[in-house]
Structures are given as structure tokens and as C-alpha cells.
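Good morning, and thank you for coming.

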Amino acid sequence: MTVALAPSETSPAPLSDLVALDAREFGAYARTGGWAFGLKVARSVRPGGQHADDTPKVSAKEFAELAGCSAERVLRYYKAWDRAADDGLVPHFEALVPGQDVELPDADVWLSYYVSRSSATSERGTAISEAAEAEGIRPTKALEVAENPTALRAAILADPSTARAARQALLDRVREDPELQAELARDVVRTDDLKKAVATENRAADRIGYVRQIAESGRIRTPAGQTVDAPVDVRQEAERHLSLIEELEDDEDTGEWATEAYDTMKNLVAETVEADPELRVQERRTKFYSSLQKATKVFEELTFDDVQEFVEDDMVEQLEELQRAIASCIAELRGARGTGAAE
């Protein structure tokens, strides 16, 4: 009598040798990454300068032909292994023979030595790789972006966060690149929207600078140009506004905050001047002297050498009016001085 086995009791199908091989190779690669292929190159490709008769190894070109890939690709693995050997992570080529197995480093370490693009060997590529390492990213990622500027442009146009990262990178670079500075300046000058934006930001920066100067120095500059100590409450108000501005996020518009702070401080300065009789008189005196000096300078710049060639009646009339105004002003000042002396 034959007893049929239940489905759960059926014998498993025999494991395919090919499947087992694939699994073992996959596991080896998962543990070692590119080191597994680097080892194949290191133990099979003879070092430069070694004669073919001295070793069963083949040249990188021959190995590439057998592998069905480019010699350049083989050499990238070769150079990665060479750098790792110099650091003591793996044996040197001379110590390896075809078919030999050695303990390999972790897969993650491979990317520190292997560069998948030939551009990385150029001066430009080396600079990009070093910058990538300084930023803590894989050089291959940075090289891929550098080789495809159109993709970079698309990402900047489509993604605000990418655009912000690009802006920060440009700012970092422009500080050390006079040529790029000039190019960006020309772009700004030739673009109306950018010119307006720059003018707006400059105005905001100037206004913040005005408030900062009061907060940090404790001095105010009056409308007439005098510099005097700021009252305690005025300085505290400047510090308060400055603190609010400094707490804004990078993406927040400072324009309105700067305008409010500036207008507030201007009003407080004017009130300070009006509240102090002595300062108020000095302010008016300073304004008068300033206007007098400007008028004197303008008159001194008039040239009468060739005036006979174009003199007209209205010119003479305006000068006569000016003469009468000056005479009246002088008489008023003398009268005021006499009054002051009599008092």
C-alpha cells in the first residue's frame, strides 16, 4: 500500500548549483563591494614596468579585451587598489598571484578609493573630488553633477532647496573668484529686476546699519550732522529693534522690519533734539552753517572769465536779487547780534 505524502511533507527540489553560485557571489559583493572586482584586477593584471615573461599576469589592455570592457575601466580599478595598498588596506600587486584570495575591506571603504569617471583624474576633477570630500559626500556624486550642467540647471529651476544650495555655493566661491564677481556684477546691472532687488536690499542694509550703530556705539547722529550721546531709552529701543531683525529666518524679508526700525529711530532722534534746548539751538546753528557753506561753494564755482560772450539781462537780475538777499541777511544777523549783546 502506497501512502501519499501531504503537500507540506514533499521533499524540496534540489538546489541549483548556478543559483548557489549566484547567491555566494552576491553575498561576497554585498560584503566587499568593488573590492571583489578590484582583487580580480590586482591579481591578474601585471604592474607597469613588469615584463610579461616574469609573470602569468596580463596587461590591462589584454584583461579588458578578455572582460569585454575598456582598458580605462580596468585601470580605474587598478589605481583604486594601488591607492588602498599604499594605505596598507590590501596587499600590493607584486604580492598577489592569479586566483589568490585575500581578506577584503568593507564595501563602504571602496568608494573612498575608486573614482568611476575619468574626469576625476584631471585637475578640474581632482578639485571637485577634494571639495566633495571636504563637504562629506562621495566624489562620484559631485563629478556626476559637474559632468551634466543641464541636469543641474533643471534641478535649480524646479526645486527651491536646490536653488538655495546653489546660491550659497556661488556666494562661497565668489569671495575668492574676482572674475566671477565681475561676471555676477554685470549680470545684476543688465537685469532690471535684479537691479531693483539689489537697491532694495542695499536700502534695508543701510537702515539696519543706522540702527546697529546706535545700539552698539550708544551715539546718535542728528539731522544736522552732530554726533551726541544717545539717551538710554533711545539706545534700548535700537537694541530691541536690532534683536528682532537678527532673529528673523534667512528666508524672511527684512525690508519692512528695517524700515520700521529706521523710522522709529529717526523720530526718536528728532524728539531727542527738540527736548534739549541747548542741543536744539546747536542743531539750528549747525544747519545754518551747513547751508551757508553750500551756498558759498556754489557761488565760488561760478566762472566769470568768459561771461561777456553769453551774458544776458536775467543773469544780472538774478545776481542783483542775490545781492539784495545777502545784504538783508547780513543786516538781520547784525541786528540779532546787537540784540543779543544788549541783553
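Predicted model: local features only at pLDDT ≥ 70, side-chain atom pairs only at ≥ 80, totals over all residues.

Phe93 counts as buried, because its relative accessibility is 3%, where buried means under 20% relative accessible area, exposed over 50% and partly exposed in between, for a 1.4 Å probe and protein chains only. Tyr78 is buried too, at a relative accessible area of 13%.

Residues are numbered from 1 along each chain as its sequence is written, and side-chain values use heavy atoms, with hydrogens and water left out.

The structure holds 5 aromatic pairs. Rings of Phe, Tyr and Trp (its six-membered ring) pair if their centres lie within 6.5 Å; planes under 30 degrees apart count as stacked, over 60 as edge-to-face and the rest as tilted. Tyr78 and Phe93 form a stacked pair, with 4.1 Å from centre to centre and 10 degrees between the planes. Tyr78 belongs to helix H4 (residues 71-86), while Phe93 sits in the loop between H4 and helix H5 (107-110), so that the pair links distant parts of the chain, 15 residues apart. Helices here are DSSP runs of H or I with at least four residues, numbered from the N terminus. Elsewhere, ring pairs join Trp35, Tyr77, Trp81 and Trp110 in a cluster.

I turn now to the pockets. On a 1 Å grid over the protein atoms alone, a pocket is an open set of points with protein on both sides within 12 Å along at least five of seven lines, and lining residues have an atom within 4 Å of a point. A volume is the space filled by probe spheres (1.4 Å probe) set on the points.

Which residues lie nearest the centre of the largest pocket? They are Ala131, Ala142, Val145, Leu152 and Ala169, from a lining of 22 residues. This pocket holds about 1,100 Å³ of space. H9 supplies the largest share of its lining, 8 residues.

The second largest pocket has a volume of about 460 Å³. Among the residues that line it are Arg167, Leu184 and Asn202. H11 gives the most to this lining, with 5 residues.

Notes: Helix = DSSP H or I, 4+ residues; strand = E, 2+ residues; numbered from the N terminus.
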